[in-house]
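This briefing covers selected local features of one structure. Please keep the sequence and the 3D view open while reading.

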Amino acid sequence: MLHVLRRRVSRCLTLKALSPDQITIDESDRHQPSKILSHQYRRGITVSTIVGVATIILVIAIMIWSAHESDRISRERDADIAATVLSQSIERVAHAQESSTIWDDAVLKTAAQPLDLDWIDLNLGTWFWDYAAIDEVYILDPSNLPIYAMQQGRRTNPANYMALRAQSVSAIENVRNTSGKPHSKNDMPVMLSHGASDIVTINGRPAILSVKPIVSDSGEISQIPGSEALHVGVVYLDRGYFGQLSDQYGLHGARYKRTPNLAAKEAHVPLLGVNQELIGYLVWRPFAPGADVISTIAPALGLGAILAVCFIVALSLRLGRRTMDLYASRAQAEHIAFHDQLTGLPNRAQFEAVLDATLSQSFGRSGSFALLFVDLDRFKIINDTLGHPAGDLLLKEVASRLTSAIRASDIVARLGGDEFALILKSPIGSAIIDGICSRIVSVLAEPFDLLGVQSYIGASIGVVIAPQYGADRSELARKADIALYRAKSEGRSRHVIFNPQMDQAAQFRENFTRDLGGAIVDCENQLQIVYLPIFCAATCAMTGVEALIRWNHPERGNVSPDTFIKFAEESGLIEDLGDWIFRKVFSDAKLWPDLRIAINVSPVQARQKHFSERIMRWLKDADINPKQLELEITETALMDSNSEIGANLKALRANNVRIALDDFGVGFSSLSYIRDIAVDRIKIDRSFVVSSGTSKGDALLEAIIKLARSNNIDVTAEGVESQEQFEFLRRLGCHEAQGYYLSSPLSVAELLRAQSGWATGSHELLKRPAA
Ligand code: C2E
Ligand code: CA
Ligand code: CA
């Protein structure tokens, strides 16, 4: 048991601690992974689709923005061109005028009386229509009266000037006032003479109006500044004029408009007179390279966007499926890692993590909890007799009964084999624990239907209350194990709650077991075999001996085998001890080849593989006839007769080794063994012999002996302590007897001394006092 305990503790210690998030996995969610997964799947797809679509929208937005920007820049450029063209047009008119207005001949000809109109046509009038595309020319005398007019290439009535007189007043005044003065900074830098220009409306038509004084180029004609004849040029800014702009500067559809049509997205620049009065607008269809590009690529772009969205959605779906597969396999791996595959309960790893978490939560709070170790009492027998499928079925049913016996907040886990563990959560009191444990014991005591066979098991439970009796997992496990051990040794199918005295007992067991291990190593000094003589009841001759082990503990003195055999069985030391006993007894037995030698065999030994072969080999090695050997087995071992024990005993009997049923009558259903099981002898337990002399005791002894005899089985009575008992057993027909009345156990030397007399069956020897 200490073995098991140590193994368990070390397993506890080596197990990697789980992270808290692994511990808090919600059980209800674990059982519905598809719900979480489809949620995560949908979320994943939505997120990736949103990201994809947002990217596309962003790309489109950037394209539209940059198109818009390039359109804006283009519009600004067009406006700059328009403004430049306007100012250059004004300059051009003034410049053209200067080709004739700075000329001595012109001064003289415009002052002559009468005017040489033909000359004026050729040099100052119609000539400008042909040469500079000036629509109208007017010449004014020093008092601003028109003396000449040219309209559309033809000389006309100077009175026509009246149509623009009002519009030209400010320009004329300007020229008159500045004439003869140095150039002002407002003058156009390239000009040779003063002049003034304006944009005006003439008969509803916008026009450039430019006024130049007609001055001497040689300076030889004296003129009074401000009294020169004036040359007035008019260029109409109508469709024809602006049409040229379209061609030259790319201002498409350039034209004059009184008000621009903003809805039609026309570009425009205002036409302002010198006094900033609004004449109208120059409008044109703006060049929009961005919009053009967009409108050209829009269908392709739209199609591309649709394809991209489809692609993203398809990709997201695929990705989502992959993710879901991954989640599913992770969830499955997690489930496998933390669950027992057979019962579906949490496994040891998860249980330990939960136990750690429960422990850390319980500190600092008044709440306590209980740790339960549940061990099935007869699981191995069921597994061996009905097979593994039945064993599996049993474990599943146990798991389900345990789950239904506890509250939802409690935990039940399968630690392995037939070991189950539970955590009963706080607040918990011993009355509640008693109630739950009794319920568990009783539900597991109910019959199990295993593949049509009604089977009964039972359960033993060890309980420890935490954190009162343990601050860490391994400490609690050790104490729950101690309590479980106690429950089993008190007769199974019960629960025991740990208390500190049990710990002392366990400590004692551990020390004792360690000492026993030492004794086996130091066998020649500490261990001894003594022989209890067995006599024929009828003749009183010694027929055999029963070998009994003695341990002389260096400190405790003689220790009863009743005590240490149990520890040897629990710790597994019985295997080494048993081997030593066999070989020792076989070496002694050569000294009395005519006596039967009985050796006690523990079920643990008899269950060993190749047990029968080993015995036969040792018999052979010691040159002992198998008929001389009798093995004493208790009922508990025979109950297991379908397993390895049965096979070993059968093989031994086949080789003439005899089998005796020891301590007969102490166990249950004993009589059936006499009938069903092949044993050569029964040894009536001392307790029956003690009760002889009472009517009930006598009747029982009589019944057992009769039953054995009628089944042709030899009977030996154990623990015969008085002549009366011996005489009574003889009368009942008991074959053999042993006990202090006949002889106490003897050493080899004592036995050799006594043997010769007893072998004859002398009555005097029977009167020896008990040792
Ligand atoms: P057991 O097989 O029933 O052995 C008989 C026990 O009764 C022995 O006790 C013996 O000393 C004692 N005894 C004999 N005559 C009398 C009597 O008249 N009155 C009383 N009160 N007792 C009597 P022991 O040697 O203390 O052994 C106790 C038990 O330990 C044995 O019971 C047997 O089960 C076990 N045991 C002893 N030696 C061995 C061994 O070598 N191997 C195994 N596996 N078990 C052993
Ligand atoms: Ca015995
Ligand atoms: Ca016995």
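A residue counts as buried when its relative accessible area is under 20%, and as exposed when that area is over 50%; values in between are called partly exposed. The model discussed here is predicted. The points below cover a serine in a sheet strand, the sheet itself and a calcium site.

- Ser210 belongs to strand 5, which spans residues 205–213.
- With a relative accessible area of 1%, Ser210 falls under the 20% limit and is therefore buried.
- The side chain of Ser210 makes a polar contact with the side chain of Gln97, at 2.4 Å.
- Leaving aside residues up to four places away in sequence, Ser210 is in contact with Val93, Ala94, Gln97, Ala196, Ser197, His231, Val232 and Gly233.

- Six strands form an open sheet in the order 3-2-1-6-5-4, and their pairing is antiparallel.
- The edges are taken by strand 3 (154–156) and strand 4 (196–202); each has a single partner strand, so one side of each has no neighbour in the sheet.
- On average, and ignoring direction, neighbouring strands of this sheet are turned by 25° against each other.
- Seven bridges link strand 4 and strand 5, which pair in the antiparallel sense.
- Ala196 has Val211 of strand 5 as its bridge partner, and Ala196 is also one of the residues that Ser210 touches.
- Helix 8 (residues 162–178) packs on the sheet, where it touches strand 1 (136–140), strand 4, strand 5 and strand 6 (230–236).
- The direction of helix 8 makes about 170° with that of strand 4.

**The calcium site**

- Four residues coordinate the calcium ion (ligand 2) at 2.1 to 2.4 Å: Glu546 through OE, Asn600 through OD1, Glu632 through OE and Asp662 through OD.
- Along the chain, the donors of the calcium ion (ligand 2) have the spacing E-x53-N-x31-E-x29-D.
- Asp662 bridges two metals, the calcium ion (ligand 2) and the calcium ion (ligand 3), which are 3.7 Å apart.
- Asn600 lies in strand 20 (residues 596–600) and Glu632 in strand 21 (residues 629–633), so this pair ties together parts that are 32 residues apart in sequence.
- Asn600 is partly exposed, as its relative accessible area is 28%.
- Glu632 is buried, with a relative accessible area of 2%.

Technical notes:
Residues are numbered from 1 along each chain as its sequence is written. Chains are lettered from A and ligands numbered from 1 in the order in which they are written. This is a predicted model: local features need pLDDT of at least 70, side-chain atom pairs count only at pLDDT 80 or more; totals for chains, interfaces and linings use all residues. Side-chain values use heavy atoms; hydrogens and water are left out. Helices (H or I, at least four residues) and strands (E, at least two) are DSSP runs, numbered from the N terminus. Buried means under 20% relative accessible area, exposed over 50%, partly exposed in between (1.4 Å probe, protein chains only). A polar contact is a pair of N or O atoms within 3.5 Å; within protein, one must be able to donate a hydrogen and the other to accept it, and residues adjacent in sequence count only if both atoms are side-chain atoms. Contact means heavy atoms within 4.5 Å. Donors are N, O and S atoms within 2.8 Å of the metal (3.2 Å for Na, K and Ca); water is not among the atoms, so sites may look incomplete. Two strands pair if DSSP finds at least two bridges between them. Axes are lines fitted to C-alpha atoms, for helices over the stretch in contact, and angles run from 0 to 180 degrees between N-to-C directions.
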